[in-house]
Amino acid sequence: MSTTADAIRSADAHSAHNYHPLPLVVASAEGAWMTDVEGRRYLDMLAGYSALNFGHGNRRLIDAARAQLERVTLTSRAFHHDRFAEFCTELAALCGKEMVLPMNTGAEAVETAVKTARKWGYEVKGVPDGHAKIVVAADNFHGRTTTVVSFSTDHDARDHFGPYTPGFEIVPYGDLTALAHAVTENTVAVLLEPIQGEAGVLVPPAGYLRGVRELTRERNVLFMADEIQSGLGRTGRTFACEHEGVVPDVYVLGKALGGGVVPVSAVVADRDVLGVFRPGQHGSTFGGNPLACAVALEVIAMLRTGEFQGRATELGEHLHRELNLLVGGGAVTAVRGRGLWAGVDIDPSRGTGREISEKLMELGVLVKDTHGSTIRIAPPLVISKEDLDWGLSQLRSVLGA
Ligand SMILES: *Cc1c(COP(=O)(O)O)cnc(C)c1O
């Protein structure tokens, strides 16, 4: 029996089956490449859903983590530590905002944004207590907590996890008229992904984000952008909102902020919003810990150079040019996305997204399917053009294109 089959059988026996991973077992990784327990190499074209924007084992990030490991890793927020102020100052500056509230996972940051908006609604906007509403988009993905799945429209994510948290209004994504109708006196926030990742890398119609910005400003509602997957370089900009010249009131960040090393998430906003929190009202034991701050500080410094946004723009144009050549040829029905991020709709006659992903794996390329016949391509931003081209050639051969 192969090492791979053994490892998978034993994982299946003792872990909950809440995922359906591709049948490979990774043992090590570097840059855009992963190596499995049998020594086979794979090009990572998923990058941990953007958590690995800077690649596996990035030297700068590993060095920053190692240096901090030797000093102090955790204090809890009961005490100050010497990386905290620097982290908050730098992250706020990167976002052009005044304050940071650090957490760990993306879902926690979304929860924090929800709590921020409600508290701001009651204490600043003057919404009657218990009546706050937050407007969200259909087909959203914001994480897995009970409150967050309460406003999911995905049956797998939501069903049999009720009773659900009230206070959310769901409107179609990309529809400004529906959004305008949904906003009332008691609306405290609009929470959106600037590009919907899990939904299949859906880019909203041009002008949508600008329209959301204008509407929320006019109606005294917070615009909260979940940039957990779209942000920090992926689309060719630090934030996907920049493509429309839009600055939301609240950034929700995660994934790449932890450099693929540790979970780091944050809510970033101005003082008139995040200033609503007083001691004891919200927190997290691991949020803003020294190791997380050290790694995130290096991530921020790397983003400050603009190098990764530049790579995502340049390689992204190439990726989309190549993928678009496949549209209409019988294998690919549509391609969406921005920067080094693409949702590719495969003609169902060529197989499901899962089948295409498995075939690609056999050829040494790792991607992830999403709903039906869509695959998602999001390689680390450090990928070389050569490797990207090789990955695309493997995709063409799987599709018979
Ligand atoms: C991944 C993701 C989350 C949840 O992050 P976790 O770290 O998995 O909790 C939330 N929002 C978006 C847009 C994401 O892509």
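# Briefing: hairpins, a buried strand, a helix and a pocket

A29 has M34 as its bridge partner in β2. This is a predicted model, and its local features are described where pLDDT is at least 70. The points below cover the strand pairs β1–β2 and β2–β3, the buried strand β12, helix α11, the second largest pocket, and several backbone features, among them a cis peptide bond.

- Strand β1 spans residues 26-30 and strand β2 spans residues 33-36. They run antiparallel and share four bridges.
- Two residues separate β1 from β2 in their hairpin. G31 has a positive phi there, near 60°.
- β2 also pairs with strand β3, residues 41-44. This pairing is antiparallel too, over three bridges.
- Across that pair, W33 sits opposite L43 of β3.
- The hairpin of β2 and β3 has four residues between its strands. Here G39 takes the positive phi, near 85°.

- How many of the five residues of β12 are buried? Five of the five are, so the strand is largely enclosed by the rest of the structure.
- In a regular strand, side chains alternate between the two faces of the sheet. In β12, A342, V344 and I346 are buried on one side. G343 and D345 are buried on the other, so both faces count as covered, with buried meaning under 20% relative accessible area.
- β12 is joined to β11 by five bridges, in the antiparallel sense. V335 has V344 of β12 as its bridge partner.
- β11 and β12 make a hairpin with four residues between them. Its turn contains G339, whose phi is positive at about 60°.
- β12 pairs with β15 as well, antiparallel and over four bridges. In this pair, A342 faces I377 of β15.

**Helix α11**

- α11 covers residues 307-326, which makes 20 residues. From first C-alpha to last it reaches 29 Å. That is close to the 28 Å expected at 1.5 Å a residue.
- Its buried residues include F308, A312, L315, L319, L323 and L326.

**Second largest pocket**

- The second largest pocket holds about 440 Å³ of space. It is lined by 21 residues, and those closest to its centre are R77, V100, L101, L274 and F277. Two elements give two or more residues to this lining: α3 (84-95) and β4 (99-103).
- By class, the lining of this pocket has 10 nonpolar, eight polar and three charged residues.

**Residue A92**

- A92 lies in helix α3. Is it buried or exposed? Its relative accessibility is 4%, so A92 counts as buried, the limit being under 20%.
- Leaving out residues up to four places away in sequence, A92 touches K97, E98, M99, V100 and V268.
- A92 and V212 are 120 residues apart along the chain. Their C-alpha atoms are 23 Å apart.

- Most residues other than glycine have a negative phi, and most peptide bonds are trans. The next points cover exceptions.
- The bond from G162 to P163 is cis, with omega near 5°. P163 sits in the loop between α6 (155-158) and β6 (168-171).
- Y49 is not a glycine, yet its phi is positive, near 55°. Its place is the loop between β3 and α2 (59-69). With a relative accessible area of 23%, Y49 is partly exposed.
- V201 is another non-glycine residue with a positive phi, about 60°. It belongs to the loop between β7 (187-192) and α8 (208-218). V201 has 0% relative accessibility and so counts as buried.

How values were computed. Residues numbered from 1 in each chain as written. Predicted model: local features only at pLDDT ≥ 70, side-chain atom pairs only at ≥ 80, totals over all residues. Heavy atoms only, no water. 1 Å grid on protein atoms, 1.4 Å probe; cavity = no way out; pocket = protein on both sides within 12 Å on 5 of 7 lines; lining within 4 Å. Points joined across faces, edges and corners; volume = space filled by probe spheres on them. Nonpolar A, V, L, I, M, F, W, Y, C, P; charged D, E, K, R; others polar. Expected span 1.5 Å × (residues − 1). Buried < 20%, exposed > 50% of the residue type's maximum accessible area, 1.4 Å probe, protein only. Pairing = 2+ DSSP bridges. Contact = heavy atoms within 4.5 Å.
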